[in-house]
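Here are my notes on this model, point by point. Have the fold open while you read.

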Amino acid sequence: MAKVGFQFEVLRKDEASHRVYGWFSIARDKAGKTLVDKQGDVIEVADLEDAAAEFVKEWRQGGEQHQGGAPNKLIASIVLSREVQNAMGIPAGILPEGWFGAFEVGKDAFAKLAKGELLMFSIEGEAETEDVEVAA
């Protein structure tokens, strides 16, 4: 198994509660095109659902830049697959297919977020990788 990490932009920061919201991982963009992450990796929506479920069941914590302990607590998690979006009445092309959620972070981490020093979520995991071809 390879250790993998994904980083996505923080969308909302709530200073009073130290809650931080955003996309944890995106498998397909709004148009349905497969997303290639900064490490050159892709993840299928079904695999993302499995990974998100495992994370919620087993870990529920996040760290900083994939380093050290994981003091930040998961407080929200949903994989917005096309099927889930359809069930919610969200038309195709509005949202990407991906994992959205929130963490409640400690005082030090929130201070770094507020200063713009931390701009993305840092979630680690393990994955079996395989070579695939992605259509351009």
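1. How many bridges join strand β3 to β6, and do they run parallel or antiparallel? There are 8 bridges between β3 (residues 19-28) and β6, and the two strands run antiparallel. Pairing here takes at least two DSSP bridges between the strands. Within this pairing, Gly22 sits opposite Gly101 of β6.

2. Before going further, a word on the basis: this is a predicted model, where local features need pLDDT of at least 70 and side-chain atom pairs count only at pLDDT 80 or more, while totals for chains, interfaces and linings use all residues. Numbering starts from 1 along each chain as its sequence is written, and side-chain values use heavy atoms, with hydrogens and water left out.

3. On the overall layout, I count along with DSSP: 3 helices and 7 strands, in the order β-β-β-α-β-β-α-β-α-β. Helices are DSSP runs of H or I with at least four residues, strands are runs of E with at least two, and both are numbered from the N terminus. Of the 136 residues, 32% are buried (under 20% relative accessible area; exposed is over 50%, partly exposed in between, with a 1.4 Å probe and protein chains only).

4. Back to β6 (residues 97-104): 6 of its 8 residues are buried, so the strand is largely enclosed by the rest of the structure.

5. Trp99 deserves a look. The ring centres of Phe24 and Trp99 are 5.0 Å apart with planes at 80°, so this pair is edge-to-face. (Rings of Phe, Tyr and Trp, the latter by its six-membered ring, pair with centres within 6.5 Å; planes under 30 degrees apart are stacked, over 60 edge-to-face, the rest tilted.) Phe24 belongs to β3 and Trp99 to β6, so the pair ties together parts 75 residues apart in sequence. Both Phe24 and Trp99 are buried.

6. Phe55 also pairs edge-to-face with Trp99, because the centres are 5.6 Å apart and the planes at 75°. Phe55 comes from helix α1 (residues 45-58) and Trp99 from β6, so this pair links parts 44 residues apart in sequence. Phe55 is buried at 6% relative accessible area. Phe24, Phe55, Trp99 and Phe103 make up one aromatic cluster.

7. Last, helix α3 (residues 107-115). Its buried residues are Ala109, Phe110 and Leu113. Just after α3, Gly116 has a positive phi of about 85°.
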